Amino acid sequence: MLLDSFGREHNYLRISLTERCNLRCFYCMPEDGVELREKSEFMSNEEVIQMAQTFVQLGVKKIRLTGGEPLIRKSAHDIIRELGKLNVELAITTNGILVEKFIDTFRSAGITSVNVSLDSLKPDRLAAICRKDYSDRIYRNIQLLLNEGFLVKLNMVVMAGVNSDELVDFVELSKDKPLHVRFIEFMPFNGNDWNLSKGTSYQEMMQVISAHYGAENLINMPEKENDTARCYAIDGFEGTFGVIGSVTHPFCSSCNRIRVTADGKMKNCLFSTSETDLLAPLRNGEDISQLIGDSIQSKKAQRAGMNSLDDLLDRSKTDANRSMVSIGG
Ligand code: SAM
Ligand code: SF4
């Protein structure tokens, strides 16, 4: 069991399959893109599987594939099918563009729930946020996933003056569709030119939604262990909505997450700037279990030691991190 010094059990691994992407969302991908590197610097298919197996032996119960866009990796089908054989819950976060090619693969790997990022219901606006226009395909593939019986979670990064006027439209989607909408506070990473006023806070989001539906009609869903979102149901709605307040309402006290980047570096926190190289030792035939345990032991109580909002506002600290696209969100 991977216990940290605060007694938190770490049983949820997020593996990035690539730091490249077919979109260039401005809050995630730096304007100049990510530096192209030799293929040998990244985990091969076998190394991804080996890495996953090691974590499963150490107690990981859930693996989420992410990126970059995980589905653009040519071998994504093979990796997903192989990981489906492990004794874990397998999940994926995708921008949805290539989903129609993966329905059978998801099924055969036992994936039942898919997280899709969607930041606007207005095609032109979505294209502007993503700096590329695949809006029709994304909308179509979300519907396809629903038709095929997958549980769909929509992730929306809410940004003031960009898409914050669509909060209620997104909640309305859950009226007659079994969709779980998750509103995410905009977070600072290298190259995304973040500042607090560009985001919409948990409180601001709840004010807008409560004003529309009436606070008395928002039903607090029971909190699940390790859940990052505060979730709500509205009477008569098929789906639900939730808010992930990583900036103003951090959920670190129940964090169970570990990340491995596409180049095989372990991050014990999304915001941590220190990383543990697992790939080189793995290639040398070394047992990486001790390194993993040590990294978990060194995990800080909150946001990699950024305990206050002031710390998060210090761009020198957040700029020292990678861009989100090369971490794996
Ligand atoms: N390409 C896939 C996708 O877009 O779903 C997976 C990778 S993406 C980095 C994973 C998640 O991180 C997405 O839901 C995205 O919206 C979120 N994300 C990226 N940058 C973010 C930021 N600065 N603040 C909050 N969420 C962010
Ligand atoms: Fe690509 Fe996902 Fe980042 Fe958008 S949020 S640039 S789709 S990795």
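A residue is called buried under 20% relative accessible area, exposed over 50%, and partly exposed in between (1.4 Å probe, protein chains only). By that scale Arg131 is partly exposed, because its relative accessible area is 33%. This is a predicted model, in which local features need pLDDT of at least 70 and side-chain atom pairs count only at pLDDT 80 or more, while totals for chains, interfaces and linings use all residues. Residues are numbered from 1 along each chain as its sequence is written, chains are lettered from A and ligands numbered from 1 in the order in which they are written, and side-chain values use heavy atoms, with hydrogens and water left out.

Arg131 sits in the loop between helix 4 (123-130) and helix 5 (135-147); helices (H or I, at least four residues) and strands (E, at least two) are DSSP runs numbered from the N terminus. Its phi is near 55°, a positive value in a residue other than glycine. Asp193 also has a positive phi, near 50°, and belongs to the loop between strand 6 and helix 7 (202-213). Asp193 counts as exposed because its relative accessible area is 56%.

Twelve of them make an open sheet with mixed pairing, in the order 7-8-9-6-5-4-3-2-1-10-11-12. Its edges are strand 7 (218-220) and strand 12 (276-277), each of which pairs on one side only. Two strands pair if DSSP finds at least two bridges between them. Strand 11 (residues 265-267) and strand 12 are antiparallel and share two bridges, with Lys265 opposite Asp277 of strand 12.

Strand 3 (89-94), strand 5 (151-158) and strand 6 (179-185) each give at least two residues to the shell around ligand 1. There are 20 residues around this ligand, and Tyr27, Gly68, Glu69, Ser117 and Met187 come nearest; a residue counts as near if one of its heavy atoms lies within 4 Å. Polar contacts are pairs of N or O atoms within 3.5 Å. A backbone N or O atom of Tyr27 is 3.0 Å from a nitrogen atom of ligand 1, and a polar backbone atom of Gly68 lies 3.0 Å from a nitrogen atom of the ligand. Ser117 places a polar side-chain atom 2.5 Å from an oxygen atom of ligand 1. Taken alone, ligand 1 exposes 550 Å², of which the protein buries 95%; accessible areas come from the Shrake-Rupley method with a 1.4 Å probe, and for residues only the protein chains shown count as cover.

Note on methods: A polar contact is a pair of N or O atoms within 3.5 Å; within protein, one must be able to donate a hydrogen and the other to accept it, and residues adjacent in sequence count only if both atoms are side-chain atoms.
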